[in-house]
Amino acid sequence: MRTLIRLVSVCTVLAGSTVALAQPAVPDQCKDVATVPPDAKIPGPGLAAKVALATCGAELRMAALKLAPDDASIQALTAATQPSIDALNEVIKGGDGTYSTMATKARADLFASMAVRMRNSIPPITMDTVGQALADHDKAHADLEPKIKPWLDQAH
């Protein structure tokens with residue numbers, strides 16, 4: 001019986017260690033906003049930290065990407081922001097009115113930021129952009145807009 005109890009204890013410790021190792025690392029730039037005060041006795045500070053970490057982490061991951069107006073960049077941007085969107089959705093589903101509203105706004109801002117970043121991946125025009133170069137620029141934007149529409153819809 002003691003062997004069984006020890007085995008269960010060891011498995012529990014190992015399972016706890018596995019879960020701890022599976023947690024994503026908090027980037028150094030986000031540690032201040034992701035830190036919950038040690039004396040917090042209500043869930044609010046933890047929820048606020050989760051929203052702040054989701055926002056900070058997404059901004060860092062998006063900034064690290066070199067985007068082009070193509071499907072690969074859209075997929076890379078989607079993948080880079082997915083962990084943050086998932087975290088924000090968890091807060092939204094949590095049902096706390098204040099933090100759910102905060103997370104909803106942060107998620108909308110994140111989708112808008114994704115759309116802006118993709119639009120900015122198209123080289124800007126100048127006073128000298130005329131003729132075919134201008135037509136190509138306009139076509140690039142026209143081709144991109146339907147692809148980012150789902151993000152824009154979620155930003156409203």
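Visitor: Is C56 buried or exposed?
Guide: This is a predicted model. In it, C56 has a relative accessible area of 18%. Buried means under 20%. So C56 counts as buried.

Visitor: Which residue forms a disulfide with C56?
Guide: A disulfide needs two cysteine sulfur atoms within 2.5 Å. Here the two sulfur atoms are 2.0 Å apart. The partner of C56 is C30.

Visitor: How many residues apart are C30 and C56?
Guide: The pair links distant parts of the chain. C30 is in the loop between α1 and α2, while C56 is in helix α3. Their separation is 26 residues.

Visitor: Is the link of C30 and C56 left-handed or right-handed?
Guide: Look at the angle about the S-S bond, which is -90°. That link is left-handed.

Visitor: Are helices α4 and α6 roughly parallel or roughly antiparallel?
Guide: Their axes come within 11 Å. They cross at roughly 15°. Angles under 35 degrees count as roughly parallel. Therefore α4 and α6 are roughly parallel.

Visitor: Which residues of α6 make the contact with α4?
Guide: From α4 come D71, I74, L77 and T78. By class, the contact has four nonpolar, one polar and two charged residues. On the α6 side the residues are L144, K147 and W151.

Visitor: Is T98 buried or exposed?
Guide: T98 is in helix α5. Its relative accessible area is 53%. Exposed means over 50%, so T98 is exposed.

Visitor: What distance separates the C-alpha atoms of T98 and A48?
Guide: Along the chain, T98 and A48 are 50 residues apart.

Key:
Residues are numbered from 1 along each chain as its sequence is written. This is a predicted model: local features need pLDDT of at least 70, side-chain atom pairs count only at pLDDT 80 or more; totals for chains, interfaces and linings use all residues. Side-chain values use heavy atoms; hydrogens and water are left out. Helices (H or I, at least four residues) and strands (E, at least two) are DSSP runs, numbered from the N terminus. Buried means under 20% relative accessible area, exposed over 50%, partly exposed in between (1.4 Å probe, protein chains only). Axes are lines fitted to C-alpha atoms, for helices over the stretch in contact, and angles run from 0 to 180 degrees between N-to-C directions. Angles under 35 degrees count as roughly parallel, over 145 as roughly antiparallel, 65 to 115 as roughly perpendicular and the rest as oblique. Contact means heavy atoms within 4.5 Å. Ala, Val, Leu, Ile, Met, Phe, Trp, Tyr, Cys and Pro count as nonpolar, Asp, Glu, Lys and Arg as charged, and the others, Gly among them, as polar.
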